[in-house]
Amino acid sequence: MRILIQFPEGLKQKALEYAKSLEAKGDEVIISASPNFGACDLALDEARNLNVDKLIHYGHAEFNKVDFNVEYVPYEIDAPLDLLPKSLELLKDFKTIGLVTTVQHLHQLEAIKRFYESNGKTVLIGKPFGFAKHPGQILGCDIGSSSSVDSKVDAHVYFGGGIFHPLGAVLNTKKPFLAIEPFDNKVEFIDKLRETYQKRSKGKILSSLKASSFAIMVTTKNGQHNMRLAEILKKKIESDGLSAAIVVANTFDFDSLNNMMEFDAFVNTACPRIAIDDVDRLRKPLLSANELMQVLSMKKELTALQK
Ligand code: SF4
């Protein structure tokens, strides 16, 4: 069988090893060297252009249904649990906690839950909205496992590497949020990020109030493509007497976007995290669809006041 194999950045170091093991079974293997951000970002164009029989995507669970033969191969990582006692001290004032992690540590969720329960806590594990597939799993764009239990818990606990995944959950919940990062040997409350990102969002909105031309960003990635939303936003902007155009890419290159100097602001319809995490990479404001609607409504109010 002719196979294209694809890895997220953190697993690309394993590409040769996997390729050789498939070749040993008689398969013809090609490795995708394109950047990869998740199962929302399957190398489908490469797979079709290369006329392969199958795409094997390592490291993520299925995101959305696609019209191609894709095999998902999860990658479990056993993280050390030795920060749990320290987390317990920090959680001493909270009886009921919501527990989440990433797909790489889902197999450890039950052991972590048992640890807290045997130390007197009630542990709730919420359900994702649908892009993530397992209770307790969060993605940067699916924080349902935290937000669905927010009203019932006293605090949230995230177990896993980095800030990317819990940031979305923090911004969409109200309760104290403890992050246990086993590989950085860190355990800390990260709720202060809510205020930081709220301020950044207000700053983007205010600096877009004079914008008259908007670039609406659409990606061709399978799980992030949203042309319908882009078309609705374009019509909305134009009906307010402003100018808008849809700009498309697979992976957005911020140097190229910065060259599009005619636009006063950019509106993201791709991975929702772009308008949160990549704001500083663009010289112009980079808005989410919600932020755009706030900009348009504030512009109208200002115009009415000036009459
Ligand atoms: S957060 Fe963005 S990159 Fe990650 S799975 Fe969701 S859409 Fe894909």
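I took a residue as near a molecule or strand if its C-beta atom, placed from the backbone, lies within 6 Å of it. The model is predicted, with pLDDT of at least 70 needed for local features and 80 or more for side-chain atom pairs, while totals for chains, interfaces and linings use all residues. Residues are numbered from 1 along each chain as its sequence is written.

Ligand shell. I listed Phe-37, Gly-38, Cys-40, Leu-139, Gly-140, Cys-141, Gly-223, Gln-224, Cys-271 and Arg-273 around the ligand. I sorted this shell into 5 nonpolar, 4 polar and 1 charged, counting Ala, Val, Leu, Ile, Met, Phe, Trp, Tyr, Cys and Pro as nonpolar, Asp, Glu, Lys and Arg as charged, and the others, Gly among them, as polar.

Strand S10. I then turned to S10 (residues 213-219), where 6 of 7 residues are buried (20 or more other C-beta atoms within 10 Å of the residue's own; exposed is 12 or fewer, partly exposed in between; C-beta atoms placed from the backbone). Helices (H or I, at least four residues) and strands (E, at least two) are DSSP runs, numbered from the N terminus.

Pairing. I noted that S10 pairs with S11 (residues 243-249) in the parallel sense over 7 bridges; pairing requires at least two DSSP bridges between the strands. Ser-213 has Ser-243 as its bridge partner in S11. S10 also runs parallel to S12 (residues 265-268), joined by 4 bridges, and there Phe-214 stands opposite Ala-265.
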